[in-house]
Structures are given as C-alpha cells and as structure tokens.
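Hi,

Here is the structure I promised to pass on. Have a look at it first, and my notes follow below.

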Amino acid sequence: MCGIVGFNSKNSAKIDAMLDSIKHRGPDGVGKFESDLFSMGHVRLSILDLSKNGDQPMYFENIVMVYNGEIYNFKEIRKELINYGYHFVSNTDSEVVLKAYHKWGIKAINKFIGMFAIAFYDKSNQILTIIRDRTGIKPLYYFFNGDDFIFASELRPIMKFQNNLDISNDALSEFFRYGYISSNLSIFKDCYKLPAGYFGVFDLNQKSFKLEQYWSVLPFFDMPKFDVSEEKLIDNLEEVLVNAFTCTTVSDVPIGIFLSGGIDSSIVTAILQKHCGNVNTFTIGFNNEKYNEAEYAKSIARFLKTNHHEEYLDISQAKSILKKFPDIYDEPFADSSGIPTVLVSEFAKKNGIKVVLSADGGDEIFCGYERYWNIHKIGKEMFKVPKILRKYISRTMTFSKGYVLPLLSLSENLRHKYYQLKEILNCNEWLNFYELMVQSNKNYEIEELFKKRTFIEKSIISLNSSNEHAMQDMMLWDFNRYMPDDILTKVDRATMSVGIEGREPMLDHRIIEFMARVPFELKYKNKTSKYILRKVLERYVPSEMFSRPKMGFGIPMLEWFSGDLSYLFNEFLRKDRIQHNLLNECCIANELKKLKNGKQRNINKLWFILAFQMWYFKYIK
C-alpha cells in the first residue's frame, strides 16, 4: 500500500510538496521520476520484499510506473512471464505488474487478482495510462482543465499543485444528500475520481484524455444462473471464498482482521483461522449497549481460538479523532463510523500489525442491509398506484402546500414525511426510488440548506438494472456508489492515516462474478438475509452465535453531540463562519436552536454541516 502522484510538466518543488502531503500513506520510502514533459512520484509502505528492490518509480525499457495496491496472484503471473523470457531482480508484485503491462499492455489487468491504482508512463510516445481496480478499493483522483493533467491517490496533492480550486456545487449537493461524494465527482470542479473498473489514457502531445471501462459485474447477471442443487451451490461458494480469502494473506509483515462478530467478518476470520491459522483479530467496543458489538466479537474469537484484541472507545478518544477528521478525510466526509475505524486501525498498528483485512462488500454482494426489504415493501405498495394517479397526487400536494404549511409547522416529523411522499410519488422506477429513499437529507432539505439551487451532473457510472429482482438493483446501486465512495473510502483513509494496509477479501472479483449467477432467492430466502453466505458460515460457527440483528459500526452520535462534543457546533457553525455564500445561515441557526431546545432535530444534518465546515476551514479558508 502506497501513495502515487503525477503531472504533465516538470516542477521539483511541487512534486516534493505533493509527496510530502501523502507521506502517511508510505512512511517507508519516497521516490520520483522527472522529465521535461512528465513527473511521477511514489511513497512506499513496504509489504512485500522489504528491500530497496521494491522502491518506486519502477522502470523497464520505455515504461515508468508508480503503483499502489497488492496483486495477490503475482507469483503465478511472474512464472508465466519468466516462461516468456522476462527476468526479475526483486520479489515484489510491483515488478510483476510493470513487466506484465510491458508484455500484454492494458489486457494485463485481466490477469490481476487484487486491489490497485496504477500509472504507466510510456516515454516513447508520451502516453500516460491510469488504472483503478474493479471495485474501487484503491482511490485514484485526476484533475484536467484542458492544460494541466494531475493524478494522485488523494485530493491533498492536487490541492498542493493547483491553487484556488473551485468547489463543485454538484459534489456539494451529493455530499449533503448522502454524507459522501459519490459517482465520479470530487468536491472540486475539473477534478474527478477515476471510476472503479476503468482506465484512462492521457496523450501529452494532444492534451486529450479518454476513459474506458474494462470490467463490470452487469454482464455476469446476463449469464445463465447456476442450475445445481442448493447444497452443491453452497459447496461451490465455499470453495470460491476459501480461494479468495487465503490469497489475501500474501505478505512479508504481520496481518490482522477487523472482527465485529457479524456474518461477514466472522466468515473471513473462520475461513482464515481454519486454512491459515494463528489469526490476529481486533475489535472496538463502546460503553453503550446499543452500539457495542465487542461482546459478540469476543465470543466468535473465543470459539475460533484467534489471538483476540479489544479496546473500548471513550469520549476523549472520540474528541481526539474528530479534531483530526479533516486531516484523515481530505474531502468532505460524514460517515461517523470513520471514527471507530480510525481507532481500530490505530489499535492494530500499536500491536505490531501492518496489514489488516476488513470484510466490506458482503451486504452489497449477498443482500445484507435491512433497508433492502424495508424499502422494497414500501415500493411494492407505491408502484401499485397507477403512475398517472401518483403524478396527480404529487401535483395536488404542490398546489395545496400553502394550506397545509400551518399544520406542517407543528411537527418536524410530519413535515418531513409530507415532502418525502411528494418526492417519491414522482419516481418511475426502482433505482430512482431507492436513491431517493437512502438520501440522508431529502431534496427539499437540500434546497433549504443551499443558497443556490444545485443540479447534479450526470454520472458516467452505469446504474443499469440487473433485470432481476428490485432488491438486486438496490444492491447494485450500493455496489456502484455507497460501497466505493463511503465504505471503501472510509477504510482506505483510516488505515492509511496510521500507515497500515487495508485489504478487502470479500471484494475479490471472482466472488462478485460468482454471486451474480446465483439466483436471487438464495441471497434473500424465507425473509433471511445473506441466506447462502450464512449456510457456509454454519459449517464453521454455530448459527446462534451470529444470528442477530445487524448493528453496524456506528457511534452514539446524538448523545455525544448533545453533550461533550457540542462545543464543535459552537466553534464551526457560528454565523461569521458560514459567510462563504454556500450555505443558508438561517437554516443552520434554526437546526442549532432545535438541538439546544431539545426539540425534534436532524442530528445527521448538523453532523454533515459540521463535517463540511471542518473540512472547509482546514483546506479552503
């Protein structure tokens, strides 16, 4: 795991500043390549072949490469390349990636099993190729204004290179809807995330940039479903999981697992303990039963006989992490579970761990979020109403708003439901309906919060239907947006902030492709979520140990922000600190007043505003 940067000019001071801004991603080494036309840099976190032979940038003939990630099957690819006459001077996956690209070009990525963000610069024709892994585990941003082209693992280096970046209203609207910036947008204009499963080609001579998708899960939904018995399908899934999980353990440094005691982290732990042994597990707990999963994790760890470690998060540690939140997340980000994720990363680091396995992706692949069936239940009833009648009711609610406003003012909850109903009645299909339902702040709230009306730029990310079950489409929406732009962003920044590598065994593309061909009724069966995954886990752990409601990795936000952490609102949400012409001061003052008076309030909305303000005063003001 590392950090990479590059741009289409030569400026030693700027590349040094860019690399210094992401040194937390690679504390073990720094390197750079500079020519009159192009510059690239790399900060290294040594995981494989800890010698200088693994330093980057790496060179082979006309190609210069910087690379962040791990290719778990690099030894097999290396053997194949040796048969073609290639020689190797290191035991790193980096050298294999470079020479695989030299041999097969962009088609080399079809051989890679792992996570990666890669940049290849071909000196002979002045072509830069940037690539991001299939599911977006590793981040990669790029900036292009028609003249300057910049890429980086985080936004920080781009801010170091390009002064006076303008905030994107589209991205700001995305952030306040979801608490993260999704699609391919970033908080700045002309600056984007390279989408998962894409590569981009920048021609230095023509100053042109084009994107191309090399992988998508959608074609696998179009393939025939597996036509075997349920028991045989469970056997086949277990084999895929064992192969995928065990290959993520390739490392020359100690490895740990984040264990919550839920289904996903338990099955990763169980399989690796059985097939590899001597597993180290790490858990964070809260002194609040509503949020505390530590006891469940401890019982799983005890049953599997792992080397278990746990630590409880208290308010003083939360304060410390909150102060560092904009340092860790260099783009507006408001997933509060980022706080315990940072703490468990620090905890693993203190115990000598340099690589951690997380179990993200299970909900999106196997159908785990409770909201899927709840939203499906609501949607089924709504879509029974003829479209023309739904449109009529929505228009009627618009025209009669003046008559009902006095009634709505009596209850914030009633007002919220009124406007939400008005919006969802206009939905024509499931993806649109789901997108609206998962917004933390609804469209009417966004309009109230912003000084200017905002319009969302069309994403280049395909959100086509699976042509299967409506809940499968919801899973796909999360897979394409929520998972890479919230969950994976959170884990990447949290682990990298303390200089350890986070890996995602659940997101092996072989698991994803396999599950796309599994009939939906084996993902959600008899009102049981993750049905087929549970059946595999039952072979390792008694079902009563993990059959419980999903808790998630949240924090007691209302309690904390109503008490010890309320000072942050006073510090960052003062009237003089909102005079940046982006947000409505009166709307924010009204939300704060409700919080102080103990009235109905949207604590998520206040947290989103606080997260944005903290970011703004760190990087803009």
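Helices (H or I, at least four residues) and strands (E, at least two) are DSSP runs, numbered from the N terminus. This is a predicted model, with local features needing pLDDT of at least 70 and side-chain atom pairs counted only at pLDDT 80 or more, while totals for chains, interfaces and linings use all residues. Residues are numbered from 1 along each chain as its sequence is written, and side-chain values use heavy atoms, with hydrogens and water left out.

Most residues other than glycine have a negative phi, and most peptide bonds are trans. Gln126 is not a glycine, yet its phi is positive, at about 55°. You'll find Gln126 in the loop between strand E6 (114-122) and strand E7 (127-132). With a relative accessible area of 17%, Gln126 is buried (buried means under 20% relative accessible area, exposed over 50%, partly exposed in between, using a 1.4 Å probe and protein chains only).

Asp190 also has a positive phi, about 65°, without being a glycine. Asp190 sits in the loop between helix H5 (169-178) and strand E10 (191-193), and is partly exposed at 36% relative accessibility.

Then there's a cis peptide bond, running from Gln56 to Pro57, with omega near 0°. Pro57 belongs to the loop between strand E3 (39-44) and strand E4 (58-60).

Next, the cysteines. Taking a disulfide as a pair of cysteine sulfur atoms within 2.5 Å, the count is zero. For Cys2, the closest cysteine sulfur is in Cys247, 18 Å away, so that is too far for a bond. Cys2 is buried at 6% relative accessibility, and Cys367 is buried too, at 0%.

Finally, a helix pair. The axes of H17 (residues 430-437) and H19 (residues 470-497) come within 9 Å and cross at roughly 60° (axes are lines fitted to C-alpha atoms, for helices over the stretch in contact, and angles run from 0 to 180 degrees between N-to-C directions). That makes H17 oblique to H19, given that under 35 degrees counts as roughly parallel, over 145 as roughly antiparallel, 65 to 115 as roughly perpendicular and the rest as oblique.

Which residues meet? From H17 they are Trp430, Leu431, Tyr434 and Glu435, and from H19 Ala470, Asp473, Met474, Trp477, Asp478 and Arg481, where contact means heavy atoms within 4.5 Å. The residues of this contact divide into six nonpolar, no polar and four charged (Ala, Val, Leu, Ile, Met, Phe, Trp, Tyr, Cys and Pro count as nonpolar, Asp, Glu, Lys and Arg as charged, the others, Gly among them, as polar).

Cheers
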